[in-house]
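User: I want to learn to read side-chain contacts in a model. Please start with charged pairs.

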Amino acid sequence: MDKRAFAAVAVVAIVLLTIAVAYRGLGVRPSIRDEDSLSHIKLPDGFRIAAFTTGLGGSTISRPGTNPGPRMLLQKGDVVYVTVPAQGSVMALPDENNDGQADRAVTFIDSLDYPHGIDFSDGWFYIAEKGKVIRFRDDDGNLVADKNSTEVLINDLPLCGHVTR
């Protein structure tokens with residue numbers, strides 16, 4: 001390989017390495033403003049799209065990697081439950097008047113370790129945290145988890161990769 005070809009390959013490698021470091025190490029991501037993010041989505045005639053809620057942190061667009069906003073959601077009746085890993089919480093977003101938008105945001109449960117996955121079965125909410133899976137109830141339906149009902153189901157998952165996601 002001559003010197004010019006080697007120099008060109010070296011420059012490309014340095015540029016790619018710089019992009020990879022910026023993406024993974026510094027969290028640099030393409031910027032999308034919340035107010036513009038839905039306007040670029042093309043829908044068929046008769047369909048509409050709108051944000052269910054705002055103000056949970058992060059972007060309305062969920063991307064791989066570090067993101068301070070919501071990640072996973074679960075709808076149960078007129079309430080959407082959403083995990084917010086960076087805040088260590090799960091939020092309950094009731095739509096009490098059925099207008100297609102959350103009427104308020106309630107902290108359903110907090111002090112969690114990067115909660116990601118969420119599900120509901122047989123009266124139990126299941127949350128996948130970093131390294132463990134827990135479950136708890138909300139028997140009185142007040143949109144706040146009954147913390148005295150919390151059970152740890154799995155407590156020793158590996159802390160690397162996407163084990164609980």
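Analyst: A salt bridge is a side-chain nitrogen of Lys or Arg within 4 Å of a carboxyl oxygen of Asp or Glu. This is a predicted model: local features need pLDDT of at least 70, side-chain atom pairs count only at pLDDT 80 or more, and totals for chains, interfaces and linings use all residues. Residues are numbered from 1 along each chain as its sequence is written, and side-chain values use heavy atoms, with hydrogens and water left out.

User: How many salt bridges does the structure hold?

Analyst: Side chains of opposite charge can pair when their charged atoms come close. Here there are 4 salt bridges. One of them joins R104 and E96, at 2.8 Å from N to O. Another joins D110 and K147, at 3.0 Å from N to O. D110 lies in the loop between β4 (106-109) and β5 (117-121), and K147 lies in strand β8 (residues 146-154), so the pair links distant parts of the chain, 37 residues apart. Strands (E, at least two residues) and helices (H or I, at least four) are DSSP runs, numbered from the N terminus.

User: Are D110 and K147 buried, exposed or partly exposed, and how is that decided?

Analyst: Buried means under 20% relative accessible area, exposed over 50%, partly exposed in between (1.4 Å probe, protein chains only). D110, at 34%, counts as partly exposed. K147, at 47%, counts as partly exposed too.

User: Which residue meets R135 in a salt bridge?

Analyst: E151 does, at 3.0 Å from N to O. R135 is in strand β7 and E151 in strand β8, 16 residues apart. R135 counts as buried because its relative accessibility is 18%. E151 is partly exposed, at 31%.

User: Over which ring does the charged end of R135 sit?

Analyst: A charge sits over a ring if NZ of Lys or CZ of Arg is within 6 Å of the ring centre and within 35 degrees of the ring normal. For R135 the ring is that of W124, 3.7 Å to its centre. The charged end of K76 sits over the ring of F120, 4.6 Å from its centre.

User: How do I read ring against ring?

Analyst: A pair of aromatic rings is described by the distance of the centres and the angle of the planes. Rings of Phe, Tyr and Trp (its six-membered ring) pair if their centres lie within 6.5 Å; planes under 30 degrees apart count as stacked, over 60 as edge-to-face and the rest as tilted. The whole structure has 6 aromatic pairs. Among them is F125 with F136, stacked at 6.1 Å centre to centre and 15° between the planes. F125 is buried at 2% relative accessibility, and F136 is buried at 0%. Ring pairs link Y81, F108, F120, F125 and F136 into a cluster.
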